[in-house]
Structures are given as structure tokens and as C-alpha cells.
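Hi everyone, thanks for coming. I'd like to walk you through one model today, so please have a look at the screen.

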Amino acid sequence: MFNSSTAQLDGSFFELASRQNVIFYHKGYFSHHVVSAMAEVVKLQLEISGVSGPTRRKLFSSFVELSQNIIHYSSDSLGATHSENSVLRQGAVCISAEGERHLMLCANPIATTEVERLREKLEPLRSMSLEE
């Protein structure tokens, strides 16, 4: 249902997104089909935003990788658990620009039982250089 308070909230969100130079944002459920459709939107938005070719390719490949991580690792899922292709998993991805720099944020819930296993994998990455 659409009413004046909904319009005001939508207007506030779009104003904030514009001020923060948000190029793309999605919070909700992800699946292979949803990511495929969003990938087309991301590709077009990056092009329309004037992002250079090499940067566009890096951002696009990062978007795909982060979205796949949500599909594989988010603990909040809907749908059949027997078929990975039919599962929807919750998460969020945001791409914004700050001058020539771009920021990509990604978040998804994880099960508390997985925290230590993930920490063991991620901690070594924190101390690595870009070359490593």
C-alpha cells in the first residue's frame, strides 16, 4: 500500500543514496537467477556512472564474487534445502563512489557455529599484502 508516509520515506532514502553517491544497492534475498538479473543492472549502472573500463570490470567481478558468497554462506535462507539452485539467501550489497574511488560493501548473516571456522580462514588474510 502506498501512502504519503511511504513517499516521504522513499524520498528520504533516495536523497541519502544520492548524497552518498550510491551506484547500486540491494538488500534482500539472493539466488543465482536474482544475481544474474542484478549483474545486468550493475553493469549498466557502472557504465552510466562513467566508471572507467578497467574499474568497471574489477567492480563487476567483485560484485559477482560477493553475491556468490551470499548465496553459498548466508545462514538465512528460504526455499528447498536439497537443491542449491532453488535456495534464496539473505544479504546486502552496496556500491558507491567517492570521487575516483569506489566502495563495495557486502553483508550477510552467518551461523554462530561457523564463526570460529571462518575466523581461522580470514585472520591470515588480514596480515597479507596486496601482492600476497
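Let me start with a question: how many of the 11 residues of strand 3 are buried? Here, buried means under 20% relative accessible area, exposed means over 50%, and partly exposed is in between, with a 1.4 Å probe and protein chains only. The answer is 9, so strand 3 is largely enclosed by the rest of the structure.

Before going on, some housekeeping. This is a predicted model, where local features need pLDDT of at least 70 and side-chain atom pairs count only at pLDDT 80 or more, while totals for chains, interfaces and linings use all residues. Residues are numbered from 1 along each chain as its sequence is written, and side-chain values use heavy atoms, with hydrogens and water left out.

Now the overall layout. The chain has 4 helices and 4 strands, where helices (H or I, at least four residues) and strands (E, at least two) are DSSP runs numbered from the N terminus. Read from the N terminus, the order is α-β-α-α-β-β-β-α. Of the 132 residues in the chain, 23% are buried. Contact here means heavy atoms within 4.5 Å. Taking contacts between residues at least 6 apart in sequence, 57% join residues at least 24 apart.

Back to strand 3, residues 88-98. Two strands pair if DSSP finds at least two bridges between them.

How many residues lie between strand 3 and strand 4 in their hairpin? There are 2, and G99 in the turn has a positive phi of about 65°.

Let's zoom in on S96, which sits in strand 3. S96 is buried, at 11% relative accessible area. Leaving aside neighbours within four places in sequence, S96 contacts Q20, N21, V22, I23, R101, H102 and L103.

V22 belongs to strand 1 and is partly exposed, with a relative accessible area of 31%. Together with F13, F14 and Y25, V22 makes a nonpolar surface patch of about 380 Å². Helix 1 (4-19) and strand 1 are the elements that give two or more residues to this patch. Like charges are joined within 9 Å, and nonpolar side chains (Val, Leu, Ile, Met, Phe, Trp, Tyr) within 5 Å. The chain as a whole exposes about 9,400 Å², and carbon and sulfur atoms supply 55% of that.

My last stop is S74, in the loop between helix 3 (53-73) and strand 2. Is S74 buried or exposed? S74 is buried, with a relative accessible area of 2%. A polar atom of the S74 side chain lies 2.6 Å from the backbone oxygen of Q90. Not counting residues up to four places away in sequence, S74 touches N69, R89, Q90, N108 and P109.

Conventions. Areas by Shrake-Rupley, 256 points an atom, 1.4 Å probe, with all protein chains shown as cover. Patch = residues over 30% accessible without salt bridge, like charges linked within 9 Å, V, L, I, M, F, W, Y side chains within 5 Å. Salt bridge = Lys/Arg side-chain N within 4 Å of Asp/Glu carboxyl O. Polar contact = N/O pair within 3.5 Å; in protein donor to acceptor, adjacent residues only side chain to side chain.
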